[in-house]
Amino acid sequence: MALTSALPRTPRRIGWGQRLSRWDVKVSPYLYISPFFLLFAVFGIFPLLFNVVVALHDWHRRAGMGDFVGLDNFAWVLQQPLFWRSLENTISIFLLGGVPQLVLALIIAAILDQNLRARTFWRMSVLIPFVVMPVATSMIFGQVFGQFGILVPNLHALGLFTDSSSPFFQDRFLSHVAIGSMVVFRWTGYNALILLAAMQAVPRELYEAATVDGAGRARQFFSVTIPSIRPTLIFVILTMTIGGLEIFDEARLFDGGGTGGGQGGTDNQWTTVMLYLFNLGFGQWQDRLGQAAAVGWIFAFIILVISLLNFSLTRRISSTDAAPRRPRRRSRSASTAGQPGTPSVIAHEVADDAMEGAGR
Amino acid sequence: MNTALIENTAGRGAARYAARRAARGRPIASHAPSGRRPGLVTYGILALVFLLSVFPLYAAAMYGSSTTTEITRAVGNLPRWLPTVRLWENFGQVFASEQFSIWLAFGNSLLVAVAVSASVVFFSTLAGFSFAKLRFPGRQALYVAVLVTLIIPAQVGTIPLFVMMNDFGWIDSVLALIVPGLVGAFGVFWMTQYLQEALPYELIEAARVDGASMFRTFWSIAMPAARPAAATLALFTFIGSWNSFFWPSVVMRSQLTMPLVVPQLRGAFTSDTGLVMAGVFLVALPLLLVLVLAGRHLVAGVMAGAVKG
């Protein structure tokens with residue numbers, strides 16, 4: 001190791017203490033990273049590999065490992081209309097929750113990026129939804145969107161719906177709107193703060209220059225702010241993608257859950273893929289771990305593809321207007337500083353999501 | 001001495017500085033575009049956002065203060081505008097329920113969240129210190145391995161992890177919630193990034209010259225330096241663990257955590273919407289308290305995370 005050569009070489013015999021210290025220097029780094037790698041190998045990597053085994057077998061929750069079935073589980077899943085329906089639901093909810101979330105977060109961030117009084121109070125207040133348990137949000141929204149809630153009777157009064165029951169629990173699209181609104185509720189403020197942090201790092205001279213050039217507020221927002229916060233925008237869109245696709249809590253308890261509920265509606269109007277996976281493996285009558293494991297693989301693959309697609313897409317779109325005169329990035333470009341930018345951006349994302357998702 | 005042990009400090013950027021300031025609870029100074037104070041419209045919009053943010057909780061409290069008759073009579077509106085003593089009575093009923101023990105759920109959630117946060121913070125700081133400040137063969141490759149694992153969607157491992165927990169006999173035990181959560185790649189990434197800037201090599205060098213062992217150096221030099229980022233990491237891990245619903249519903253049967261109480265409420269008090277909503281409000285309350293107590297830190301943490309993006 002390089003260390004030995006750096007030490008002054010002395011002909012004297014090395015004492016016990018010194019030898020111990022040298023051993024300390026050599027071994028400590030590995031010792032310090034080993035708890036992470038050991039635990040992660042057992043509870044992170046091993047399940048990943050083990051999932052291949054489960055997905056290739058007939059495997060039931062109570063009976064355990066059964067016969068080797070090859071790719072039958074995958075074929076079975078891909079033939080289930082409910083799997084495709086849940087995938088459609090997931091993507092629809094993701095879009096209905098994601099797009100408004102992004103637009104609103106940008107607007108709120110721009111509003112917060114002013115010389116406000118009680119700045120910290122406003123910033124904290126947008127984080128309230130983030131700390132409210134998603135499960136609680138789901139129950140409350142379920143009540144609000146329900147037959148005796150605040151919304152439906154007023155919509156009835158306006159003559160929009162004639163059915164006496166709540167259309168948000170019947171109509172497929174409207175149920176997605178309702179669940180999407182929970183996603184918007186939970187994540188808008190959080191994302192607004194992330195975007196705000198990026199906006200604050202935009203050099204103020206750029207705005208001054210734009211003002212001199214006669215650009216109005218809206219023009220400044222689109223021509224200065226947006227291009228300047230591009231890396232953070234990518235970051236936010238990626239978090240949103242992964243988090244939005246893994247949606248479970250909100251869908252499970254939208255109609256109250258409880259015993260027998262939580263299937264995603266009478267006609268699986270809002271069954272998401274994660275909910276489908278859960279019901280397949282742990283639902284009341286289903287006990288199909290092998291098939292559920294296959295769903296896990298297929299879905300992870302889909303998420304990865306959509307994320308990468310999203311990543312390259314956002315990169316291209318926002319760089320078209322930023323490319324010619326990308327503003328001096330004063331304190332922005334941490335992603336390009338030390339570690340290779342791209343993996344760390346994506347990594348950051350998924351991590352964030354994993355933290356709140358499975359609690360692992 | 002030990003110069004080879006110590007890496008060159010390169011690329012000490014303003015971004016890192018900003019992240020560090022933010023993580024310490026001193027967000028980057030906000031310089032408004034033109035310095036002038038915004039008008040009433042701005043505050044009006046912010047107030048609206050605030051009202052929408054608290055509305056669901058407020059609604060839950062209002063429903064929780066009402067009888068089912070009042071709720072069905074007030075369709076299209078909130079049943080009332082101010083909470084009543086009924087909310088307290090309903091809280092009492094939730095505490096007294098025979099179908100579940102909210103104290104047990106609270107205890108379980110607290111135990112899991114504290115254990116997981118403490119462990120994640122300690123091991124992440126330990127590994128982060130090693131990755132950021134110590135030089136050893138294979139360091140780069142191992143760190144890249146940490147980053148790569150961040151990209152793998154978590155749900156792939158759900159089913160096998162359940163099978164493992166089953167084999168260990170940990171189903172329905174808090175061990176199934178704690179042990180798989182003891183470490184996380186995100187924590188290592190976060191602490192490494194932070195310690196790279198926050199911990200000067202001179203300090204480590206000085207400690208080593210004074211004859212401190214590696215661990216002593218870590219304990220007395222790196223740990224205190226890491227405190228701001230560690231607090232943020234702890235806070236986020238705590239919130240993530242506390243609110244977690246998917247994994248606990250997979251491995252828990254009778255012993256409950258706070259999110260698992262919510263569907264139980266529905267099962268226990270089906271006919272009493274007010275009671276269910278009071279329970280939901282009660283369950284959502286603890287983290288609101290966390291936000292009130294540690295809100296500044298939480299805001300700083302969110303914003304610091306962004307600067308790194």
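Author: Let me start in the loop between α4 (81-112) and α5 (119-126) of chain A, where A118(A) is found; helices here are DSSP runs of H or I with at least four residues, strands are runs of E with at least two, and numbering goes from the N terminus. Please keep in mind that this is a predicted model, in which local features need pLDDT of at least 70 and side-chain atom pairs count only at pLDDT 80 or more, while totals for chains, interfaces and linings use all residues. Residues are numbered from 1 along each chain as its sequence is written, chains are lettered from A and ligands numbered from 1 in the order in which they are written, and side-chain values use heavy atoms, with hydrogens and water left out.

A118(A) counts as partly exposed because its relative accessibility is 49% (buried is under 20% relative accessible area, exposed over 50%, partly exposed in between, with a 1.4 Å probe and protein chains only). N268(A) has a positive phi too, about 55 degrees, and is not a glycine either. That residue lies in the loop between α14 (249-253) and α15 (273-282) of chain A, and N268(A) counts as buried because its relative accessibility is 19%.

Stepping back, chain A has 18 helices and two strands. The strands are β1 (residues 57-60) and β2 (residues 64-68), which pair in the antiparallel sense over three bridges; pairing asks for at least two DSSP bridges between two strands. β1(A) and β2(A) make a hairpin with three residues between them, and H60(A) stands opposite G64(A) in β2(A). On β1(A), H57(A) and W59(A) form the covered face, whereas D58(A) and H60(A) form the uncovered one.

Of the 360 residues in chain A, 59% are buried. Taking contacts (heavy atoms within 4.5 Å) in chain A with a separation of 6 or more, 70% of them join residues 24 or more positions apart.

Chain A exposes about 15,200 Å², with carbon and sulfur atoms supplying 64% of it; accessible areas come from the Shrake-Rupley method with a 1.4 Å probe, and for residues only the protein chains shown count as cover. A nonpolar patch of about 480 Å² is made by I91(A), L95(A), V99(A), V103(A), L104(A) and I107(A), and V99(A) is found in helix α4. Patch residues have over 30% relative accessible area and no salt bridge; like charges are joined within 9 Å, and nonpolar side chains (Val, Leu, Ile, Met, Phe, Trp, Tyr) within 5 Å.

Finally, the partner. In chain A, 121 residues are in contact with 129 residues of chain B. About 11,400 Å² is buried between these chains, 75% of it from carbon and sulfur atoms; this is the accessible area (1.4 Å probe) that two parts lose on being put together, summed over both. One salt bridge is found across this interface, between D24(A) and R208(B), with the closest N and O atoms 3.8 Å apart; the rule asks for a side-chain nitrogen of Lys or Arg within 4 Å of a carboxyl oxygen of Asp or Glu.

From the side of chain B, S130(B) sits in helix α5 (residues 102-133) and counts as buried because its relative accessibility is 0%. Not counting residues up to four places away in sequence, S130(B) touches P29(A), Y32(A), I33(A), F136(B) and R139(B).
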